[in-house]
Amino acid sequence: MTAVLEANGLGKRYGRRWALRDCTISIPGGRVVGLVGPNGAGKTTLLHLAVGLLAATSGTIEVLGGCPAGSPAQLARVGFVAQQTPTYAGLSVSQHLRLGAWLNANWDAELAKRRIKQFGLDPNERAGKLSGGQRAQLALTLAIAKRPELLLLDEPVASLDPLARREFLQGLMEVVAGHGTSVLLSSHLIADLERVCDHLVVLAASRVQVTGDVDALLASHYRLSGPRRDPAALPANQEVIQESHTDKQSTFLVRTTDPILDPAWTIRPVTMDDLVLAYMSQPPGTKNASHPGLEVIR
Amino acid sequence: MIEFQLDTASGVATYLQLVQQVHDALRLGLLEPGDQLPTAQQVVIKLAINPNTVLKAYRDLEREGLVRARPGQGTFITRSLPGTDPGTQARFLAAMTDWLLSARAEGLGPDDIEAIYRTAVRSCFAEGVA
């Protein structure tokens, strides 16, 4: 499968500070990709590089095989909803749809109208008067109705209440099911990502910590607990992601594709929560950031 | 038609939960050959989950030979799970109840009994597994 987003040594620097560095990822098509990381990890920077709102300081990025915002045709293939789901406060819902129809060659007016009705938006209401959830639905509708191949969403549900969040994700998944759109969305709400994402990119301290298909990641990580042991004493094929020790006991989160045979360990599977938190709390610049074993699994 | 539920706290992978719910529905007779499963789109809208997850569950069921996807129509049940005969079920339930009562009389609690049960199941069904 061809990659929808391919970055090679991608970096963005503001003055002396790198917002994102050494980012090398390849995201396969047809996925719903979760981009996770603490605030300031570089999520928004990566998304803005992907839509062409920012230019890279180093490295390259290709989206759907083209240069971000390189041509009108390229712009038409990518949908983007920025953080806080911005809309024009003074324009009504129906004016937003007309604007969308003017600006986009492949505008799907039927789809836009249907979604507006489905979510109970009054076409004459000004966007500034909408609730957070309704505004998010309007912004998503605009991005979807241009019928992009790739949809990029920056923290789309962060500011929504649980019900609006659920409705937003339902609407999003309906589009994925109906049109086969690829989605890259950033979030720090792991519970939501767990439902919708089948591919994960974990960013922390401006670097990619881990990336891969969720099923493969969950199947290759284990939590081991048992008598206290030095991590150096573990087999070479078990990479330690996280460790904690008491005077008697050791607990490791390890990555390995081989069976764990040591009978001393109690072995538990990991959840997406465990996995994300373990990679997020790794000290910056550790060996894992560039470890060959941590590249995309296809 | 059955409706899927999701238990996010269970730690069981979402697609496996869907597979298990179809298994359960077949065992309980809620689903029979010819019945249609909800479309991926319907499941996705209800549960707000990734459509690929639903398709993966349906592919698993298809590989087991329990369902078949008919392009443009949907996914249909093709056979039921070999359910246990009700008489046999009742007999084992009675025997198990007797056993549990005698265990309780000896002072064993539910936790002790569950530990014994799990060990017994493991040694009984783990043959051939390294």
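Since it is predicted, local features need pLDDT of at least 70 and side-chain atom pairs count only at pLDDT 80 or more, while totals for chains, interfaces and linings use all residues. Residues are numbered from 1 along each chain as its sequence is written, and chains are lettered from A and ligands numbered from 1 in the order in which they are written.

**View 1. An open antiparallel sheet in chain A, in the order β11-β12-β10-β13.** Helices (H or I, at least four residues) and strands (E, at least two) are DSSP runs, numbered from the N terminus; two strands pair if DSSP finds at least two bridges between them. At the edges sit β11 (239-245) and β13 (266-269) of chain A, each pairing on one side only. From one strand to the next, the twist averages 20°. Look for β10 (residues 221-227) of chain A next to β13(A): the two are antiparallel and share four bridges. A:Y222 has A:P269 of β13(A) as its bridge partner.

**View 2. Where chain B meets chain A.** Here twelve residues of chain B are in contact (C-beta atoms, placed from the backbone, within 7 Å) with 16 residues of chain A. On the chain B side, α2 (40-47) and α3 (51-63) are the elements that give two or more residues, and α2(B) has the largest share, with four. Sorted by class, the chain B side has six nonpolar, six polar and no charged residues. Nonpolar means Ala, Val, Leu, Ile, Met, Phe, Trp, Tyr, Cys and Pro; charged means Asp, Glu, Lys and Arg; the others, Gly among them, are polar.

**View 3. Helix α6 (residues 162-179) of chain A against α2(B).** The axes (lines fitted to C-alpha atoms over the stretch in contact, with angles from 0 to 180 degrees between N-to-C directions) come within 8 Å and cross at roughly 165°. That makes α6(A) and α2(B) roughly antiparallel, the label for angles over 145 degrees. On the α6(A) side the contact is made by A:Q170, A:M173, A:E174, A:A177 and A:G178, and on the α2(B) side by B:A40, B:Q41, B:V44 and B:I45.

**View 4. A:P148 in its loop.** This proline lies between α5 (132-145) and β6 (150-154) of chain A. A:P148 is buried, with 23 other C-beta atoms within 10 Å; buried takes 20 or more. Leaving aside neighbours within four places in sequence, A:P148 is in contact with A:R77, A:V78, A:G79, A:A143 and A:T181.

Definitions and conventions:
A residue is buried if 20 or more other C-beta atoms lie within 10 Å of its own, exposed if 12 or fewer, and partly exposed in between; C-beta atoms are placed from the backbone. Two residues are in contact if their C-beta atoms, placed from the backbone, lie within 7 Å. Angles under 35 degrees count as roughly parallel, over 145 as roughly antiparallel, 65 to 115 as roughly perpendicular and the rest as oblique.
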